[in-house]
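Student: I am new to this structure. Can we go through it step by step?

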Amino acid sequence: MIEPALSPLDSPGVRAAHERGSARLEREAVQRATVRGRRFDSIAVHGMYGMAAALENAGSIMEPAFLTPAQHFADSDSMEATLSYLAPGWVYSRIATPTLGFLEETLALLEGYGFDGETSACVTGSGMSAIAMATSPFLPVDSDPRPMNIVASARCYGGTFMLFSERYAAERGVDVRWIRDPLDLGQWTSAIDGRTRFVFGEMPSNPGLDVFDIAAVSELAHAEGVPLIVDSTIATPALLRPLRHGADIVVHSLSKAIGGSGMAIGGVIVSRRGIASRVGPDELRADFASQVKLLPFRDHGPALNSLSALMILNDLRTIRGRIDAWSRSASRVARFLAAHPSVAEVAYPGLPDHRSHEIASRYLWLADGDAEGLPVNRYGHLLGFRVAGGHEATRRVFDRLELIWRATDLGRIKSVATIPAISTHQQQGEAGRDLAAISPDLVRLSVGGEHPDDLIADLDHALSYA
């Protein structure tokens, strides 16, 4: 790299722009501290967009969509300071826009709700791009002849399984150490060692609704100086904030329950300040999400567009109430299925006899409690069930659904079902599905906003064909 003859700060104009930017960041920090004192729903509705910001945007009460790819600069000093990351600005839409900033700030605040430390966020074009950008910075090549390894729960989304097993293991030689049973702490203990780069788990998992002890696994990861990354897409911040329990980084597919209208695709990385990591520069450990956005994310370009960000932001405002309602409906549906003679097994951590119930009950709590403010467990909108009679019976039942949509998505206002073995987890093969405990007779059901009585009637009708 050719170093510039002078540092940008050697220019009086750039230094002045830097000072103005620093003063702006200080004002935002004061505002952020005020916002953090509000309750969950208020943060979800307003985020960091207050009256002063509205007056800067023609008085708009709602956050505006910025559709232009680039910003105009007042002068060359402002341009140099901003592009040198010496002053705040959105530079270019591949890196950021004000609209993306509104969404990032709100998500960072919600994931940090009840957490004493500082958080930051980077939104991405999809959930998979968020997982890729959250994990790849920990995999730089080094001179050690021993292969680096990653430790991950095999009970995960099929796209994550393929990213780790194909892109990282097959293409880059990374040793992927799959945890077959995430509830077994001994498996995590024996897998994490001096060549581990990160530890990864879903909470709860898609599609098996398995959980793991975040606090205990984070202690194991931190003892080896590596971060714990948690995919909390199914829980959403309304039920779980992993950073409070020791996780370093949280990822979400914003295409799911956070963006519950089903009209946009996106992802997000949220990190605590000061993560554990053996690799990378100090800046990466100090503020992972921001460092990823300004450097590797900038170069790879998995950007989210402003209109999608605005649609997700509007959905996010109602996240706690929606997840509360959908969880209560899912619980009713799960109880119905558990008592049905054509159902062999139900995977829902809210059922007292489910293997994940104890750990799930420790971690999954509705933010700010019920209508009276009393603490209450909620177990999410997703469940799975195995149809008695095997794969062919499962397909017959699936094909007879009339209200519940047959699709591969989840977390929508409209209830959706899929058979993971032939859809979301098809490409990982039979051995991979066996590792992840995904049987061919499993139906994954995402419960939405319909009345649960109508969903139960649709399932009862379909199950008569088992």
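Tutor: We start with a definition. Ala, Val, Leu, Ile, Met, Phe, Trp, Tyr, Cys and Pro count as nonpolar, Asp, Glu, Lys and Arg as charged, and the others, Gly among them, as polar. Keep in mind that the model is predicted.

Student: How do the residues of the lining of the largest cavity divide by class?

Tutor: The lining of the largest cavity consists of R32, R36, L109, G117, E118 and T119. Arg and Glu count as charged, Leu as nonpolar, and Gly is among the polar residues. The division is therefore one nonpolar, two polar and three charged.

Student: How much space lies in the largest cavity?

Tutor: The structure holds one cavity of 30 Å³ or more. The space in the largest cavity is about 30 Å³.

Student: Which residue stands opposite L228?

Tutor: Look at strand β4 (residues 196-202), which runs parallel to β5 and is joined to it by four bridges. The chain crosses from β4 through helix α9 (residues 214-223) to β5, in a right-handed β-α-β crossover. Opposite L228 stands V199.

Student: How far apart are the closest N and O atoms of E28 and R24?

Tutor: Side chains of opposite charge can pair when their charged atoms come close. E28 and R24 are four residues apart in helix α1 (residues 12-36), so about one helical turn separates them. E28 is partly exposed at 22% relative accessible area, and R24 is partly exposed at 38%. They form a salt bridge, with the closest N and O atoms apart by 3.1 Å.

Student: How many residues apart are D181 and R355?

Tutor: Their side chains meet in a salt bridge of 2.8 Å, N to O. D181 sits in the loop between β3 (175-179) and α8 (185-191), and R355 in the loop between β8 and α15 (357-363). D181 is buried at 19% relative accessible area, whereas R355 is partly exposed at 42%. The pair links distant parts of the chain, and its separation is 174 residues.

Student: Are D324 and R378 buried or exposed?

Tutor: D324 and R378 form a salt bridge, the closest N and O atoms being 2.6 Å apart. D324 lies in helix α14 (residues 319-338) and R378 in the loop between α15 and β9 (382-387), so the pair ties together parts 54 residues apart in sequence. Buried means under 20% relative accessible area. D324 has 15% and R378 16%, so both count as buried.

Student: Which residues are linked in a network of salt bridges?

Tutor: The structure holds 30 salt bridges. Linked in a network are D142, D144, R146, R195 and R197.

How values were computed: Residues are numbered from 1 along each chain as its sequence is written. This is a predicted model: local features need pLDDT of at least 70, side-chain atom pairs count only at pLDDT 80 or more; totals for chains, interfaces and linings use all residues. Side-chain values use heavy atoms; hydrogens and water are left out. Two strands pair if DSSP finds at least two bridges between them. Helices (H or I, at least four residues) and strands (E, at least two) are DSSP runs, numbered from the N terminus. A crossover is right-handed if, with the strands pointing away from the viewer, the path from the first strand over the helix to the second runs clockwise. On a 1 Å grid over the protein atoms alone, a cavity is a set of points where a 1.4 Å probe fits but cannot get out, and a pocket is an open set with protein on both sides within 12 Å along at least five of seven lines; lining residues have an atom within 4 Å of a point. Grid points are joined across faces, edges and corners, and a volume is the space filled by probe spheres set on the points. A salt bridge is a side-chain nitrogen of Lys or Arg within 4 Å of a carboxyl oxygen of Asp or Glu. Buried means under 20% relative accessible area, exposed over 50%, partly exposed in between (1.4 Å probe, protein chains only).
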